[in-house]
Amino acid sequence: MNTASLPKPLACSIAVLLLAATVLAQPERIILLRHAEKPVDEADIHLSERGRQRAAALADWATNSPAWKTNNRPAAIFACKPNAKAPSVRAIETITPLAARLSLPVQTPFFPKNFAPLARQILDDPALSGKTVVLCWTRDELPQLAESFGVAPGSVVCKSKTFDRLWVVTFRDKRAVATRLPQKLLPGDSIR
């Protein structure tokens, strides 16, 4: 908005309102999940067969679950962008079936370690205000990604063999809180 032609007090008031709208523009919830299971060969950048099963089950669950039908369905889906140091496409493969079901693109604007700019982009995007956003990331950066949204350190812990959890970040009294939930999608998944 060009405020140059407006009287200075009005221009300042508009600028303050726009700034406040940006600060208040935050998603209703952010769902964080680790990519699905990887193969035994760590050099393989793709999901294992069980990982592909989890990705398909995640799409079924998220589009058929009563909890998802009564709450905001995702408005945006993000995954970490592969690069030479971290070439894995497992996060993208994990979230692609859900994105396809919801007719949403998988956005990959940032590399795994660039979680802070991603969090800022999501928190500052007025189009995502009051919406649900899903992020699929790598295990090593998932805790720091959560902290970038304001979640207390240590709230998100992801063990190396754990693929059956997700964290729902909500904002209460200007504080980000992460709730850990079991996915319960495949045989052998934890129920807690």
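Author: Start with one term: on a 1 Å grid over the protein atoms alone, a pocket is an open set of points where a 1.4 Å probe fits, with protein on both sides within 12 Å along at least five of seven lines. Grid points are joined across faces, edges and corners, and a volume is the space filled by probe spheres set on the points. This is a predicted model, where local features need pLDDT of at least 70, side-chain atom pairs count only at pLDDT 80 or more, and totals for chains, interfaces and linings use all residues. Residues are numbered from 1 along each chain as its sequence is written, and side-chain values use heavy atoms, with hydrogens and water left out.

Reader: How much space lies in the largest pocket?

Author: About 460 Å³. Its lining has 23 residues, and those closest to the centre are Ala86, Pro112, Thr138, Asp140 and Glu141. A lining residue has an atom within 4 Å of a point.

Reader: How do the residues of that lining divide?

Author: Into 11 charged, seven nonpolar and five polar. Asp, Glu, Lys and Arg count as charged; Ala, Val, Leu, Ile, Met, Phe, Trp, Tyr, Cys and Pro as nonpolar; the others, Gly among them, as polar.

Reader: Now the fold. How many helices and strands are there in the protein chain?

Author: Both are DSSP runs, numbered from the N terminus: helices are H or I with at least four residues, strands E with at least two. The protein chain has six of each. Read from the N terminus, the order is α-β-α-α-β-α-β-α-β-α-β-β.

Reader: In what order do the strands form the sheet?

Author: Two strands pair if DSSP finds at least two bridges between them. Here the order is S3-S2-S4-S1-S5-S6, in an open sheet with mixed pairing. S3 and strand S6 (175–182) are the edges. Each has a single partner strand, so one side of each lacks a neighbour in the sheet.

Reader: Take S2. Is S2 largely enclosed or open?

Author: Buried means under 20% relative accessible area, exposed over 50%, and partly exposed in between (1.4 Å probe, protein chains only). Five of the six residues of S2 are buried, so S2 is largely enclosed by the rest of the structure. Strand S2 (residues 74–79) runs parallel to S3, joined by two bridges. Phe78 faces Gln107 of S3. S2 also pairs with strand S4 (residues 132–137), in the parallel sense, over five bridges. There, Ala79 stands opposite Cys136.

Reader: And in which sense do S5 and S6 pair?

Author: Antiparallel, with eight bridges between strand S5 (residues 165–172) and S6. Phe171 has Ala176 in S6 as its bridge partner. The two strands form a hairpin with two residues between them. In that turn, Asp173 has a positive phi of about 50 degrees.

Reader: Back inside. Which residues does Thr94 touch?

Author: A contact means heavy atoms within 4.5 Å. Leaving out residues up to four places away in sequence, Thr94 touches Leu33, Arg34, His35, Ala36, Leu47, Ala55, Leu58 and Cys136. Thr94 belongs to helix H4 (residues 90–102) and is buried, at 1% relative accessibility. A polar atom of its side chain lies 2.8 Å from the backbone nitrogen of Ala36.

Reader: Where is the place of Asn114?

Author: In the loop between strand S3 (106–107) and helix H5 (115–124). Asn114 is partly exposed, at 30% relative accessible area.

Technical notes
Polar contact = N/O pair within 3.5 Å; in protein donor to acceptor, adjacent residues only side chain to side chain.
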